[in-house]
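User: I have a model open and some labels to check. Please tie each label to its cut-off.

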Amino acid sequence: MTLMLGPMPETVRATVRRLIESAGEPFVESDRRFVGFVLWGGPGGCDIIDADGEVWSSCAWSGTTEHVPDGPRKVGAVAIAADREPGLALWLPQRPPSASDCGVCGGVGSWPQMNGVQCPECVGLGWLPELPVQCPGG
Ligand SMILES: [Zn+2]
């Protein structure tokens, strides 16, 4: 099972629209005007979500912006922002009953000893989907 967000629910779409509108200055890319909400960012770049729920990764060093396809990377970007914007958490994958606590972060989703850096193993969710079924003899 791969972690994915799927289509953005209507309630989350409303949250994203509000966040973009309240962000004030739109995020501006070098070659075009890009309107979105910054999910998280640092000196090296940031991840931005647009009103359609597409996530874009902007690299400050190269000045480029790349589309982030649905998958663990996108889940992680939204999970980081969901910490301060709970409306986004509705979009995150629900923990299935078969999931186990992430052993790397102890189920917390981040590493407090490293300034709360997001756990790369569980992309901030604190749990891991069930392991793929092993083929007998494989
Ligand atoms: Zn973890």
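**Labels and their cut-offs**

Analyst: Ile 49 touches Val 16, Ile 20, Gly 36, Phe 37, Leu 39, Glu 54, Val 55 and Trp 91, leaving out residues up to four places away in sequence. Contact here means heavy atoms within 4.5 Å. This is a predicted model: local features need pLDDT of at least 70, side-chain atom pairs count only at pLDDT 80 or more, and totals for chains, interfaces and linings use all residues. Residues are numbered from 1 along each chain as its sequence is written, and side-chain values use heavy atoms, with hydrogens and water left out.

User: Why does Ile 49 count as buried?

Analyst: Buried means under 20% relative accessible area, exposed over 50%, partly exposed in between (1.4 Å probe, protein chains only). Ile 49 has 0% relative accessibility, so Ile 49 counts as buried. Ile 49 lies in strand 2 (residues 45-49). Strands (E) are DSSP runs of at least two residues, helices (H or I) of at least four, numbered from the N terminus. The C-alpha atoms of Ile 49 and Phe 37 are separated by 5.3 Å, with the two residues 12 apart along the chain.

User: Why does Val 123 count as buried?

Analyst: Val 123 is at 11% relative accessibility, and therefore counts as buried. Val 123 sits in the loop between strand 7 (117-118) and strand 8 (127-128). Val 123 is not a glycine, yet has a positive phi of about 45 degrees.

User: Which residues coordinate the zinc ion?

Analyst: Cys 102 (SG), Cys 105 (SG), Cys 119 (SG) and Cys 122 (SG) do, at 2.3 Å. Donors are N, O and S atoms within 2.8 Å of the metal (3.2 Å for Na, K and Ca); water is not among the atoms, so sites may look incomplete.

User: What makes the site of the zinc ion tetrahedral?

Analyst: Four donors count as tetrahedral if all angles lie between 85 and 135 degrees. The 4 donor atoms here give angles of 105 to 113 degrees, and the site is tetrahedral. The donor spacing in sequence is C-x2-C-x13-C-x2-C. Cys 105, in the loop between strand 5 (100-101) and strand 6 (110-111), and Cys 122, in the loop between strand 7 and strand 8, are 17 residues apart, a pair linking distant parts of the chain. Cys 105 and Cys 122 are buried.

User: Which residues touch the most other members of the largest nonpolar core?

Analyst: Leu 39, Leu 88 and Leu 92 do, in a core of 25 residues. Such a core is a set of buried Ala, Val, Leu, Ile, Met, Phe, Trp, Tyr and Cys residues joined through side-chain atoms within 4.5 Å. Helix 2 gives this core its largest share, 6 residues.

Key:
Four donors count as tetrahedral if all angles lie between 85 and 135 degrees; four count as square planar and six as octahedral if opposite donors are over 155 degrees apart and all others between 65 and 115; anything else is irregular.
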